[in-house]
Amino acid sequence: MDTLYILRLPQQMRNTLTRVRNELYQNSGDSSFCSLEACIILGPVQAEPKTGWIDSPPLPLITEGSARFSHGMLFLPIAEQPLQAIRRQLETDYPISGIYLGKSEQPLVLEPLGIKDLSLARLSWETHANLVRWRIFSETHLDSGTNRPTDSARTQVSLHDTLSGRTN
């Protein structure tokens, strides 16, 4: 079973992207548009969970309007720079920076999306023949801290608590 760190999108945005992905599936017949959920993949979880604090990336994150196909994945690009710090803290990396959509090259142009709310989670999946089983767990909401009375512009979440399923 493979496990990745992901940034989970707000429910309304996931619903919108599910409708877009369903149209991509209808046009292509590629079932990858129906498996996993649209999310920002940060990279693989190492065998030994990391402990310490994790900072929220600066919000909002803005997608580019046109989907890109690279490394066998179709995704809505997001600038790499805002994700570098969280990937460094998690000691992980991934070849794409954006919202995962599927594994088939399809033309797609959308209005840029502004992501103002994220959760850090883990996504595990396994494949048997044509069946993909997946689940999301250890989800912890991240907050940019912009509405907080403190001078910190970031919320820090205990990574150990996140990995064990506890939240602050």
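Predicted model: local features only at pLDDT ≥ 70, side-chain atom pairs only at ≥ 80, totals over all residues.
## Basis

Residues are numbered from 1 along each chain as its sequence is written, and side-chain values use heavy atoms, with hydrogens and water left out. Local features need pLDDT of at least 70, side-chain atom pairs count only at pLDDT 80 or more, and totals for chains, interfaces and linings use all residues.

## Ser28

Ser28 belongs to helix α1, residues 11-28. Helices here are DSSP runs (H or I, at least four residues), numbered from the N terminus. Ser28 is partly exposed, at 29% relative accessible area. The scale runs from buried (under 20%) to exposed (over 50%), with partly exposed in between, using a 1.4 Å probe and protein chains only.

The Ser28 side chain reaches back to the backbone oxygen of Leu24, at 2.8 Å. Beyond its neighbours within four places in sequence, Ser28 contacts Phe33, Ser104 and Gln106. Contact means heavy atoms within 4.5 Å. Gln106 is 78 residues from Ser28 in sequence, yet their C-alpha atoms are 7.8 Å apart.

## Cysteines

A disulfide is a covalent bond between the sulfur atoms of two cysteines. The whole structure has zero disulfides, counted as cysteine sulfur pairs within 2.5 Å. Cys39 is buried, with a relative accessible area of 1%. Cys34 is partly exposed, at 43%.

## Aromatic rings

There are zero aromatic pairs; a pair requires ring centres of Phe, Tyr or Trp (its six-membered ring) within 6.5 Å. The charged end of Arg135 does sit over the ring of Phe137, 4.2 Å from its centre. This term requires NZ of Lys or CZ of Arg within 6 Å of the ring centre and within 35 degrees of the ring normal.

Conventions
Phe/Tyr/Trp six-rings, centres within 6.5 Å; stacked < 30°, edge-to-face > 60°. Helix = DSSP H or I, 4+ residues; strand = E, 2+ residues; numbered from the N terminus. Polar contact = N/O pair within 3.5 Å; in protein donor to acceptor, adjacent residues only side chain to side chain.
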